[in-house]
Amino acid sequence: MPVLALFGERGAGKSVALVQEYQTLEAAGAKARWVNLGRHQTESQAVTALAATSAARVAGEWWVFLDSVDEGLNVLPALGGLIADWIDSLTVDQRSNLRLRFSCRTGRWPDVLQDTLTRHWQSPLQVQHMTLAPLSDHDVAVAAEDYGLDADAFSTLLHERGLTQLSRTPVTLLQLLEYHRVKGTLPATAADAYQQACVLLCSETRRPADIRELRAQPTGQRLLPVAARVAAAMQFGTHNVLSDASPRPSGRREITLAELEGGLEPGLLDGQVPCTTDELRQLTESHLLDPVGLLRWTFTHRSYQEFLAAHYLHAHQVDPRAQAGLLWVGDGAARHIYLAHREVAAWRSGTDSTLFEDLLRDDPLVLLLADLPARPAADRARVVEAIFSLAQRDDTIDIDHTTLHRLEHPGLPQQLLSRLRPDADKLVVYTALRVARSCPDPELNDALLQVTETTSLSEELRALALRAIADFRPEDVQTVDRIRQRAADDPSPEVVAAALSRLWPSHLSLRELLDLLRDPAADYYGHAWVLRSDIPAQLTAAQTTQALLWARDTLQQPLPGHSIVLATSLISRAVTLAGTDGLPGLPYPETLISETLIALANHRDLLYSVEGRTEHEALGDALRAQHSLRRALTLHLLSHLGEKDFLRVWSAVPHGCLTTYDDAFYWMEHWEQLADVPPALARLLVSITPPTDPELQTRVEAACRAHPTLRQITEGWAPAPEPRQDADTTPDENRVYNETRLREGLAAVHTASPETIRRAWGTVIDQIRCTRDGTEPPRLWEDPLLLWAHHAPSRPGQGSDLDAELKTAARQVLTTAPPLPAHLLAYGGRANPRLMLELSTFAVLSTPDELPSATPAHWAGWALALATTNAYTSPGEVVRDAFLPYCAEQAGPALITLLDEVLRAPPHGRRHHARPGPPPQRPHTAGRRRRSHRLGRPPRPRPRTLAGRHQRPGLHRPPQRPRAPAGGPRP
């Protein structure tokens, strides 16, 4: 890469990143020159430094690091032109071997320099811009350890105190670490920490070279009140951008410096601070604001704007009635804080007792965002009571469970015990369980176990109670025994999974864990599914050996309740470890793996079913990746099985995982190893299309000369007939988009029955997810179900003939698919998406006007599915918000009927408690809060799936969580 410009805010670590590359090059013997442009005070000094770099160059590549371009511009406004002139002065040969590296603050990059670079390096890949990302959790952990702190404890403390954002930039993270080093703890309140951080960020601004100008520069303490004025104006004036443009911008989403200047602001330490254009422009140079365009800025993070807006209200002691007009909306029971100002109200409640009391009465959930640990325990107890009071009168509350830890106080167990009764209101029990899980206490364990043992409660409440139990020790025999009883005898796979998670590994052996685990319901993605998916990756090499023995025994003699799917996953894990680091106690792991695969062949029907297909394909991926082990395994099977039994195993595992194309050449060159193998099977190993590559042809000819029997088998090179496989299980290994296959899929939609229409539509999604160059498509869960078809890589272009065919097929899907049943909708966001694939047609059709006619039952099912599906991206939310009201309106009374069925669904068909009530989109009174009922709603899926290499046609679930559903489009 000839030219790289590294951007980032002051203190983000730009220079450190360049120094690391510079030192690496020097260690490798490369000739590199370093120029700190911020140290040059005159143009002649800068020109001399640049000229020295080209004078000292040697033949071949030469590297020049130009650090702190932004600091140099503070002293030399024409620095961009000076660098451009130096580049122009180089010869073509010099520029062709030059490797330039720059560091510059975001928004200060000179246009003249960019124009010069793109003129001399015209390829788009030759001039690259990169921006340093915020610090990750790992970066924070490394910094904490460098200060001698426990990284996990420090990160947990940051989260509990609401200071995570302050750890995302080096300058504020170092401030927190230094404070902790000196004081032994973090600042007493979150407000103190944020104020110190804002002062520091205001201090991180342009440093003039002139000493007199530097002395006159306002300090961070003097700029913070100015920043508070800007924050309040942007927060309450609904402005997104601060601008220094002239003339005044036409869009009212921007506010200009001219509109903000004038008057005085209360200082931090006393006195008044002027708010002039100079102070405002100095503020725009600080690390508190980020440039978003020419002379346009926003706050580095929304939390800074919200804190400073609350600081402004406090500093000005705004009249309570005026403050209420800014923060509150609605009257009586519908009075609540504006959604956009909830964080501001939370900050302000720390310094305004009247607002704290108002929030307790009318909107206590806002207080969960406040710095409750800094308040007295009695105040936290009052917040707890206010939240339960709200839960009893409003069953649509939406509690942010990540903030409940702030409620912890000495009397909390007593407050929760009275609510952790099986006969209590279910929403109150659910809320109490969430609080107990966030604030674990041994005093609650007995009550939580009673909830778990009450089988009349929903399985989600019972599983949540298990997860809320405080940590227990082996000597807590009674607690361990009661949890073991749930793991052994409970009828719910979800409760069993929660119990196993609490017992293993401290109180349960691996064999017991594998024996007790139950397969989840096929159409539900809960904790049983997650645990079954996660167990193999959590095992050590020694444990994997034990698990492989369990898998063999289970597959050979299946016992009721034992999971064949888990056994398949354990084989994949064993193959991966055996092929890389080996398995302890198994010098020849192919022997045991062969026995397991032979037993696996007895479960072929499950392997090719919807439930087992993902794990089956993962096994194929594992075998394909481990070349030596795969060949040893194949040879062992060939040596110990007859032709019929070998073909049973060969056809039971995924196609192409025991005999790959590359393996054919290996077996030709090691033909002597197959001397005792039946000729038909030996021929199967080398039956490939004749190679056209000269090198491969040479290898084949050499092998045939060395082994005459091989020449006889390969004569004519006609591929041997493969064992028959069902048409619907033949894997499609071609990832390249093919229009013919897409048209075939679209045609199949029009001939599909109601029972097969969703699978036919899934095949269409599969085809348009293929890429035109055969590369891996984007991961499926990067988009919600609503966008699986619309955002596919090879979706036909809008307005094309093929696009029209796609839309026609989408309408056919909606017309043919049966109504969504109540028992499926009762699962809410955890329903198996493959069973409601028609939701992905809405985005294809663009607007509700293009929907076909349907029955009220169809409209009602779609409305409830849209209301509960996870639309976790902005485009997904747009689709949901466009189609949901229309479907609900078309459903009419059928929506209430279906909703009643959903809410009354039996426990085996519904995984969470929900109260009977009106439909989700009921009318709201004026000013009423719009809340979504999240009782039992699962977390949003995280888009981090890993696709398998060779997927079968139709819809599949990928092998890593969060996954596409079995039977869903290839990820």
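Biologist: Is Arg511 buried, partly exposed or exposed?

Modeller: Partly exposed, because its relative accessibility is 38%. Keep in mind that this is a predicted model. The bands are simple: buried means under 20% relative accessible area and exposed means over 50%, with partly exposed in between.

Biologist: Which residue does Arg511 meet in a salt bridge?

Modeller: Its partner is Asp553, with 3.2 Å from N to O. This pair links distant parts of the chain: Arg511 belongs to helix H26 (residues 510–516) and Asp553 to helix H28 (residues 541–556), 42 residues apart. Asp553 has a relative accessible area of 27%, so it counts as partly exposed too.

Biologist: How many salt bridges are there by this rule?

Modeller: The count comes to 43. Let me show you a few. Asp137 and Arg168 meet through their side chains at 2.9 Å, N to O. They are 31 residues apart, with Asp137 in helix H7 and Arg168 in the loop between H8 and H9. Asp137 counts as exposed, because its relative accessibility is 53%.

Biologist: And what about Asp490 and Arg486: buried or exposed?

Modeller: Asp490 is buried, and Arg486 is buried as well. Their closest N and O atoms are 2.6 Å apart, in a salt bridge. Salt bridges can also join into a network, as they do for Arg335, Asp358, Arg361 and Asp362.

Biologist: Let's turn to strands. How should I read the two faces of one?

Modeller: Start with the general idea: in a regular strand the side chains alternate between the two faces of the sheet. Now take strand E3 here. On one side are Trp62, Val64 and Leu66, on the other Trp63, Phe65 and Asp67, and all are buried.

Biologist: Why is E3 described as largely enclosed by the rest of the structure?

Modeller: Because 6 of the 6 residues in this strand, residues 62–67, are buried.

Biologist: Which strand is joined to E3 by 5 bridges?

Modeller: Strand E2 (residues 32–36) is one, and the two run parallel. In that pairing, Val35 stands opposite Leu66. Strand E4 (residues 98–105) also pairs with E3 in the parallel sense, over 5 bridges.

Biologist: Now a helix. What span should the residues of H9 have?

Modeller: Helix H9 covers residues 170–183, and at 1.5 Å a residue its 14 residues should span 20 Å. Its end C-alpha atoms are 20 Å apart, so the expectation and the model agree. After H9 comes Gly184, with a positive phi near 80 degrees.

Biologist: Which residues of H9 are buried?

Modeller: They are Pro170, Val171, Thr172, Leu173, Leu176, Leu177 and His180.

Biologist: Which residues touch the most other members of the largest nonpolar core?

Modeller: Leu288 and Leu308, in a core of 185 residues. Helix H12 (residues 220–236) supplies the largest share of this core, 11 residues. Leaving aside residues up to four places away in sequence, Leu288 touches a set including Cys198, Leu201, Ala227, Phe299, Tyr304 and Leu308. There is also a second, separate core of 61 residues, with Leu786, Ala789, Leu802 and Val879 among them.

Terms used
Residues are numbered from 1 along each chain as its sequence is written. This is a predicted model: local features need pLDDT of at least 70, side-chain atom pairs count only at pLDDT 80 or more; totals for chains, interfaces and linings use all residues. Side-chain values use heavy atoms; hydrogens and water are left out. Buried means under 20% relative accessible area, exposed over 50%, partly exposed in between (1.4 Å probe, protein chains only). Helices (H or I, at least four residues) and strands (E, at least two) are DSSP runs, numbered from the N terminus. Two strands pair if DSSP finds at least two bridges between them. The expected span of a helix is 1.5 Å times one less than its number of residues. A salt bridge is a side-chain nitrogen of Lys or Arg within 4 Å of a carboxyl oxygen of Asp or Glu. A nonpolar core is a set of buried Ala, Val, Leu, Ile, Met, Phe, Trp, Tyr and Cys residues joined through side-chain atoms within 4.5 Å. Contact means heavy atoms within 4.5 Å.
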